[in-house]
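Subject: Structure for your review

Hello,

Here is the structure, with notes on what was found in it. Please have it open while you read.

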Amino acid sequence: MTFHHFHKDDAHVKRERAKARELRQTDWWRQRLQTGVCHYCKRRVGPDALTMDHVVPVARGGASTKGNIVPACKDCNAKKNLNTPAEQILDALFPPEKKNLLIAAPHGFCSGVARALRMAEEALNATLHTPHSTLLPIYCLNEIVHNQHVVAQLTAQGMRFVCRLEDIPEGAHVLFSAHGVSPAVRREAARRSLRVIDATCPFVEKVHAEVRRFAATDAAIICIGHRNHEEVIGVSGEAPGRVRIIESAQEAEALDIPPDHPVAVVTQTTLGAAQVDAVMDALNKRFTAITRPPLSDICYATRDRQDAVRALAKQCDLILVLGSANSSNSQRLVETARDGGADAILIRERADLDALDLCAVQTLGITSGASTPEAFLEEVIEALGERFTVAAPSPPPC
Ligand code: SF4
């Protein structure tokens, strides 16, 4: 083989290779366009009706993208000169790779919330079937559960939410929320001849019973919880003047109770375990004779949801916690996720999600508080569907 020959063959090989590459590329494009949607009119058309429309070359991810073609139906292609932004065309042709969305399990409604809502629905239905039903609305003292979607839905169904018993006409039906009420409220309801539907969660009722039991001793009763939360207000009402509410380790250290005085400790059901442990450490240092209930007051639903979000935090950059701002257990889920190493944001409504920039998030986690309806979670997942695909979380290491 002469040098000339070699050179000629070399050029020939190069040409052949280029042709093959072009063919491969065309086939590749054709495969992609086999069944598709016209980029312009968005009609789904079969392979026969599809043509290709050339558009300006673009560079994406640093590499020039050749064969800048979009699927177009024959009608639209006839119009031509459509100057569609190339990025948009590429996104239509090559949807960006979806990122993982991990959903915590369990999440959402707990048994206490489900029970309260069932009682509310039954009460509303019963009223609807009563003659002169418009004269007999159901009143709910405070929010039945701390979730704006739930309250809005029940309001639309005819339930009236009030903050004071005085706002309820005598003899009317009153629903006590899952957070419970103090004995004083029960007495006042009886005095006003209100017909009580009691949706107090059994786990909250357990804490009430503990306070009553401790109140029969000479122990100082300490309740770890948020002093403005309805549950804590109701629980402390079991022994008025005897229950000391504390929210932090600092408040535990500052208690003006002698160190050798017996103390009994209860907690709000929806606290974070870490928060309670920190306060208990301070109490243990401060007092010598502490009594606690045999089983933790933090309910199983709160603990399970926190455990799930803690596991998820190890696998996610960001965790969305769906819930209302006044929902204690939702706020604790945000804290738990952050303690677990992920960023976390409370999503109260759809607008909160729309305001988020999730471009940098590779793996997104999602959970919902014990009072958040599943429908809201489904709405959020659907909204994220273009960018994220639901994947199963990895099992925890053995
Ligand atoms: S979070 Fe726990 S205490 Fe509160 S309603 Fe649910 S089960 Fe009951």
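For the residue classes used below, Ala, Val, Leu, Ile, Met, Phe, Trp, Tyr, Cys and Pro count as nonpolar, Asp, Glu, Lys and Arg as charged, and the others, Gly among them, as polar. The model is a predicted one: local features need pLDDT of at least 70, side-chain atom pairs count only at pLDDT 80 or more, and totals for chains, interfaces and linings use all residues. Residues are numbered from 1 along each chain as its sequence is written.

Ligand shell

By class, the shell around the ligand has nine nonpolar, six polar and no charged residues. The ligand is surrounded by 15 residues, of which Cys-110, Gly-112, Cys-201, Thr-269 and Cys-299 are the closest; a residue is near the ligand if its C-beta atom, placed from the backbone, lies within 6 Å of it. Helices α4 (111-128), α7 (202-215) and α11 each supply at least two residues of this shell, and α4 gives the most, with three. Helices (H or I, at least four residues) and strands (E, at least two) are DSSP runs, numbered from the N terminus.

Helices α11 and α12

The axes of α11 (residues 300-313) and α12 (residues 328-339) come within 9 Å and cross at roughly 30°. Axes here are lines fitted to C-alpha atoms, for helices over the stretch in contact, and angles run from 0 to 180 degrees between N-to-C directions. The two helices are therefore roughly parallel to each other (angles under 35 degrees count as roughly parallel, over 145 as roughly antiparallel, 65 to 115 as roughly perpendicular and the rest as oblique). Thr-302, Arg-305, Gln-306, Val-309, Arg-310 and Ala-313 in α11 meet Asn-329, Arg-332, Leu-333, Thr-336 and Ala-337 in α12, contact being C-beta atoms, placed from the backbone, within 7 Å. By class, this contact has four nonpolar, four polar and three charged residues.

Sheet

An open sheet is formed by four strands in the order β9-β8-β10-β11, with parallel pairing; two strands pair if DSSP finds at least two bridges between them. The edge strands, β9 (160-162) and β11 (195-198), each pair on one side only. Strands β8 (residues 138-141) and β10 (residues 173-176) pair over four bridges, and Tyr-139 stands opposite Val-174 in β10.

Backbone details

Ala-105 and Pro-106 are joined by a cis peptide bond, with omega about 5°. Pro-106 is in the loop between β7 (99-103) and α4. Asn-142, in the loop between β8 and α5 (148-156), has a positive phi, near 65°, and is not a glycine.

Regards

Definitions and conventions. Two residues are in contact if their C-beta atoms, placed from the backbone, lie within 7 Å.
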